[in-house]
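Notebook open, model loaded. I want to go through this one residue by residue and jot down what I find.

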Amino acid sequence: MTRRLAVAAMALCLPLAAKAPKAAMPVITDERVDFAPGGAIEVTGSVGELNIEAWDGPDVQITVTRSTYRTDTPRERDLAQRQLSAVKVTAERKSPAEISIHTSIPPRGFWAKVARRGRNYRLDYRIRVPRDTTLVLRHGSGNVFVHDVAGDIDASVRTGDIVLQLPAAGSYSFDAQCGFGGVYSDFAGNYRTGHLVSERFAQSGTSPAKQVHLRVGIGGITIQKAALAATM
C-alpha cells in the first residue's frame, strides 16, 4: 500500500516538474543619448525596477533588461522572445536639454494571443545621468531608486517604494506623501499622519533649494543622505 501511494505521488509531481520555470531569458538594450548640462529627463510608462544614478559622463546612458521565465521548450522560448521584443523602451531627444524615455507595453489582448500566461515579464532599468539633471518620473508598479542626483525631482509610483539617496550638503524643499504607507527621511522636516494609513513629510529649504516632490499610492518613501547611505 505504501509503495502504491509513493508511485501515485510521483505521478502527480511529474507534470509539475515538467513545467518548472527555467532561468530568466534576458534581452538587454543599451543606448547613449547626447544631453546638455542642467537639462530635464522625463520617464513615463515604466514598471519593474527603475534605477537612476548620477555619473560624470556628459550624456545619458539607458540600459534596460527585459526578462521572463519559461519552460525549456522551443515553443516556450519563441513565445518568450516575442513577448520581450514587444515591450518597447524609447528615448526621444526633444531638445538638447530635454529627453523623454517612454515604455510602451502592448494591450492585454495582445498577450492573450502570445501566451496564455499573460504579462509574465520583468523590466530593470539602469539610467545614468549628469548630476545636475532634473527628473520627472511616472512609474507604475515596482520600485524607484535615485542615487546622488542633485537636480529637482518629481516622482510618483502607483505601487512600490521610492528610495532617494541625495547629496548630503544640498538644500532641499521636500513634499513627500504615501497614500498607504510610511515616509522616512535623514533630513529634518515635519511629519503628519492622516487616516492612520497615510503619512506626509514636508520641509521648506532655504533658497535656492532643490524641489523634491514624491508621491506613492501603496508603498513607502525613504530619503537618505548619500554620504550616510554609502556606509550602511
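Is E53 buried, partly exposed or exposed? I looked it up: E53 is partly exposed, because its relative accessible area is 22%. My scale here is that buried means under 20% relative accessible area, exposed means over 50%, and partly exposed is in between, with a 1.4 Å probe and protein chains only.

**Ground rules**

This is a predicted model, where local features need pLDDT of at least 70, side-chain atom pairs count only at pLDDT 80 or more, and totals for chains, interfaces and linings use all residues. Residues are numbered from 1 along each chain as its sequence is written, and side-chain values use heavy atoms, with hydrogens and water left out.

**Entry: overall**

I find 4 helices and 15 strands in the protein. These are DSSP runs numbered from the N terminus, with helices being H or I of at least four residues and strands being E of at least two. Of the 232 residues, 40% are buried. Taking contact as heavy atoms within 4.5 Å, I see that 68% of the contacts with a separation of 6 or more are between residues 24 or more positions apart. The accessible surface is about 12700 Å², and carbon and sulfur atoms hold 56% of that. Accessible areas are from the Shrake-Rupley method with a 1.4 Å probe, and for residues only the protein chains shown count as cover.

**Entry: confidence**

pLDDT is the predictor's confidence in each residue, from 0 to 100. The protein averages 84, and 81% of the residues score at least 70. Where is confidence lowest, and where is it highest? Helix α1 (residues 2-18) is lowest with a mean of 42, and β8 is highest at 98. Residues 1-18 stay under 50, and the model gives them 1 contact beyond four places in sequence. Residues 112-118 are also below 50, and that stretch has 11 contacts beyond near neighbours in sequence.

**Entry: salt bridges**

Back to charged pairs. Side chains of opposite charge can pair when their charged atoms come close. My rule asks for a side-chain nitrogen of Lys or Arg within 4 Å of a carboxyl oxygen of Asp or Glu. By that rule I get 9 salt bridges.

E53 pairs with R128, with the closest N and O atoms 3.8 Å apart. R128 is in strand β6 and E53 in strand β2 (residues 40-55), so this pair ties together parts 75 residues apart in sequence. I also note that a salt-bridge network links E53, R126 and R128.

D59 and R32 make another salt bridge, with the closest N and O atoms 3.1 Å apart. D59 sits in strand β3 (residues 59-67) and R32 in strand β1 (residues 27-34), so the parts they tie together are 27 residues apart in sequence. D59 counts as buried because its relative accessibility is 11%, whereas R32 is partly exposed at 48%.

R215 bridges to D175, with 3.2 Å between the closest N and O atoms. This pair links distant parts of the chain, with R215 in strand β14 (residues 210-218) and D175 in strand β10, 40 residues apart. R215 is partly exposed at 23%, and D175 is buried at 18%.

**Entry: T133**

I moved on to the loop between β6 (122-130) and β7, where T133 is found. T133 counts as buried because its relative accessibility is 0%. What does the side chain of T133 reach? It goes to the backbone oxygen of P130, at 2.7 Å. Leaving out residues up to four places away in sequence, T133 touches F35, G39, I41, V149, G151 and D152.

**Entry: D148**

D148 is in the loop between β7 (134-147) and β8 (153-159). Most residues other than glycine have a negative phi. D148 is not a glycine, yet its phi is positive, at about 65°.

**Entry: H102**

H102 lies in strand β5 (residues 98-104) and is partly exposed at 37%.

Conventions: A polar contact is a pair of N or O atoms within 3.5 Å; within protein, one must be able to donate a hydrogen and the other to accept it, and residues adjacent in sequence count only if both atoms are side-chain atoms.
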